[in-house]
Amino acid sequence: MDTSLLADAFVSVMRALSLACVGAGAGISLAEALRGLPICAKRTGGGAAAGRSESRPEMIRVEARHTFPVPVSEAFAYITEISHWAEYWPDFVRIQYPATARWSEPGDMVTLVLRLLRRERALIMQLEQLGKDALVTYVSRQEGLPDVRHERYFRAVPGGFEYRLVVAFEPRRGLEGLF
């Protein structure tokens, strides 16, 4: 499989989602971060403010889809193999603690170091689900930011596969939410 095409496309989609999650801090609007990509962003929840009696926090959910001319099994193996992450994670610096980094069953954890806003930041990721050739879900944690839930869907289509990314998080409250 020619992984360079796959890696280049994943970089574009991952960069857009990264910017969407930290864009306000960089002075970039969600619309600017996602321009040109088939991405849907919406708010869900809202509790009493949305006319509901329960108090559910408002969530921001960002979705992106992209079809690749690669068999789903090859793409899934590529994406879930830690040794490939440097090829497509935007602003990848290194995997922290590589000797203990695992990504093959629920509960596994990997800490990535990424360059965000000109500084190295640790992104702690914990795997929740791994359904071969179909689904990966995980939670990421980063100091000073809300936890983010990630869903990656893989679906075979004629001539390749559809890759659907979903990122959901609770926006920060108060003045922090503006930056």
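A search of the whole structure finds 12 salt bridges, a salt bridge being a side-chain nitrogen of Lys or Arg within 4 Å of a carboxyl oxygen of Asp or Glu. The model is a predicted one, in which local features need pLDDT of at least 70 and side-chain atom pairs count only at pLDDT 80 or more, while totals for chains, interfaces and linings use all residues. Residues are numbered from 1 along each chain as its sequence is written, and side-chain values use heavy atoms, with hydrogens and water left out.

## Salt bridges between strands

| Pair | Closest N and O atoms |
|---|---|
| Arg61 and Glu151 | 3.6 Å |
| Arg164 and Glu63 | 3.4 Å |
| Arg65 and Glu162 | 3.3 Å |

The salt bridge of Arg61 with Glu151 links distant parts of the chain: Arg61 is in strand β2 (residues 59–68) and Glu151 is in strand β7 (residues 148–157), 90 residues apart. Strands are DSSP runs of E with at least two residues, helices are runs of H or I with at least four, and both are numbered from the N terminus. Arg61 counts as partly exposed, at 23% relative accessibility, whereas Glu151 counts as buried at 9%. For these words, buried means under 20% relative accessible area, exposed means over 50%, and partly exposed lies in between (1.4 Å probe, protein chains only).

The salt bridge of Arg164 with Glu63 also joins distant parts of the chain, with Arg164 in strand β8 (residues 160–169) and Glu63 in strand β2, 101 residues apart. Arg164 is buried at 17% relative accessibility, and Glu63 is buried at 17%.

In the salt bridge of Arg65 with Glu162, the partners come from strand β2 and strand β8 respectively, 97 residues apart. Arg65 is partly exposed, with a relative accessible area of 39%, while Glu162 counts as buried at 13% relative accessibility.

These residues belong to a network of salt bridges that links Arg61, Glu63, Arg65, Glu128, Arg149, Glu151, Arg155, Glu162 and Arg164.

## The chain as a whole

The protein has 4 helices and 8 strands. Along the sequence they follow the pattern α-α-β-β-α-α-β-β-β-β-β-β.

Of the 179 residues, 39% count as buried. The protein exposes about 9,800 Å², and carbon and sulfur atoms supply 53% of this area. Accessible areas come from the Shrake-Rupley method with a 1.4 Å probe, and for residues only the protein chains shown count as cover.

Among contacts (heavy atoms within 4.5 Å) between residues at least 6 apart in sequence, 44% join residues at least 24 apart.

## The cavity

How many cavities of 30 Å³ or more are there? The count comes to 1. A cavity here is a set of points, on a 1 Å grid over the protein atoms alone, where a 1.4 Å probe fits but cannot get out; lining residues have an atom within 4 Å of a point. Grid points are joined across faces, edges and corners, and a volume is the space filled by probe spheres set on the points.

The largest cavity has a volume of about 110 Å³. It is lined by 12 residues, of which Ile79, Trp85, Tyr88, Trp103 and Tyr138 are the closest to its centre. Elements α3 (72–80), α4 (85–88) and β6 (135–141) each supply at least two residues of this lining.

By class, the lining has 10 nonpolar, 1 polar and 1 charged residues. Ala, Val, Leu, Ile, Met, Phe, Trp, Tyr, Cys and Pro count as nonpolar, Asp, Glu, Lys and Arg as charged, and the others, Gly among them, as polar.

## Residues in loops

Gln142 is placed in the loop between β6 and β7. Gln142 is buried, with a relative accessible area of 15%. Apart from neighbours within four places in sequence, Gln142 is in contact with Leu116, Arg121, Ala122 and Leu123. The C-alpha atoms of Gln142 and Arg121 are separated by 7.6 Å, although the two residues are 21 apart along the chain.

Asp91 is not a glycine, yet has a positive phi of about 60 degrees. Asp91 sits in the loop between α4 and β3 (92–96), and is partly exposed, with a relative accessible area of 36%.

Asp133 has a positive phi of about 60 degrees and is not a glycine. Its place is the loop between β5 (119–131) and β6, where Asp133 is partly exposed with a relative accessible area of 21%.

Notes
1 Å grid on protein atoms, 1.4 Å probe; cavity = no way out; pocket = protein on both sides within 12 Å on 5 of 7 lines; lining within 4 Å.
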